[in-house]
Amino acid sequence: GINAEYMATQQSELDATRASRDMVPIDVVRACLGESKTYSPHVPESLTKHISQLYVEMRSAKDEQDGDATTWITPRTLLSILRLSQALARLRRADLISEQDVDEAVRLMAQSKRSLLDAAESDRVDASTRWDKYPFQIYEVIRQHRDKIRSNSVKLDDVRQTLKFKGFREEQIRDTLSTYEAVNVWVVGHDFSE
C-alpha cells in the first residue's frame, strides 16, 4: 500500500545512503524515535495561508469531480494533514512545521487515496474476470444475506442488485448458482429467482 509506494519513490536515495554507510542499529532507531516524541511542533503563522490555500485547492478539485464518496474533503481531512505534518516535523526534530512537511503530508494523503482506488479497481476487475475467485465471492454475498434475513430461502432478486453493484455479471451469478447447486450446497428455482 502506502509504504510500498513511498519507499519506491525514495529508493534511489536509500540506495545511496546504504552504499555510503552501515545500517543503523535498532536501539539507535528506537532512541531517535523516543526523542522525536518529546517535540511538539506547531504551525507557524507564516504557513497558515499556504495550508488554507492547499485545503481550498483540494476542495475545488473535489467539486470538479463527479462527487464520488472516496473524494470527500472535510475539516477532518485538514486535521489529518496537520497531524501528518506534525509527525514529519517530529521526525526532523523540529519545533515548527515546514512547508515541505505540509506538502509531503498532502502527497501522502493523495497517494493513500490513489492506492485505495487502485485496490478497489483491482478488486472490481478481479471480480469480473477471475473465474476461480468470483463464485466464492458471490456465495459469500448470498450467505451473508441469508444470515441477515434469518431464512433458509433467499430470493435472488433481493441480492442481484448488490451482486451487480459489486461488479458481477449475470452470467457469473447464474454460473455460481449452478455450480453450488451441482454440489448440493443449495437448490435453485427453475427460473433462477430463488
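**Overview: the whole chain.** A residue is called buried here if its relative accessible area is under 20%, exposed if over 50% and partly exposed in between (1.4 Å probe, protein chains only). By that rule, buried residues make up 26% of the 194 residues in the chain. The model is predicted, so to speak of local features takes pLDDT of at least 70 and side-chain atom pairs count only at pLDDT 80 or more, while totals for chains, interfaces and linings use all residues. Residues are numbered from 1 along each chain as its sequence is written, and side-chain values use heavy atoms, with hydrogens and water left out. You'll find eight helices and zero strands, taking DSSP runs of H or I (at least four residues) as helices and of E (at least two) as strands, numbered from the N terminus. Of the contacts (heavy atoms within 4.5 Å) with a separation of 6 or more, 61% join residues 24 or more positions apart.

**Close-up 1: α6 against α7.** Helix α6 (residues 134-149) and α7 have axes that come within 10 Å and cross at roughly 135°. Axes are lines fitted to C-alpha atoms, for helices over the stretch in contact, with angles from 0 to 180 degrees between N-to-C directions. That angle makes α6 oblique to α7; under 35 degrees would be roughly parallel, over 145 roughly antiparallel, 65 to 115 roughly perpendicular, and the rest is oblique. On the α6 side the contact uses I138, V141, I142 and H145, and on the α7 side D158, V159, T162 and L163.

**Close-up 2: α7 against α8.** Here helix α7 (residues 156-165) packs on helix α8 (residues 170-182) at about 130°, with the axes 10 Å apart. So α7 is oblique to α8. From α7, L156, R160, L163 and K164 meet E170, I173 and L177 of α8.

**Close-up 3: the aromatic rings.** Rings of Phe, Tyr and Trp (its six-membered ring) pair if their centres lie within 6.5 Å; planes under 30 degrees apart are stacked, over 60 edge-to-face and the rest tilted. That rule gives four aromatic pairs. One of them, Y139 with Y180, is stacked, at 4.8 Å centre to centre and 15° between the planes. Y139 sits in helix α6 and Y180 in helix α8, so this pair ties together parts 41 residues apart in sequence. Y180 counts as buried because its relative accessibility is 15%.
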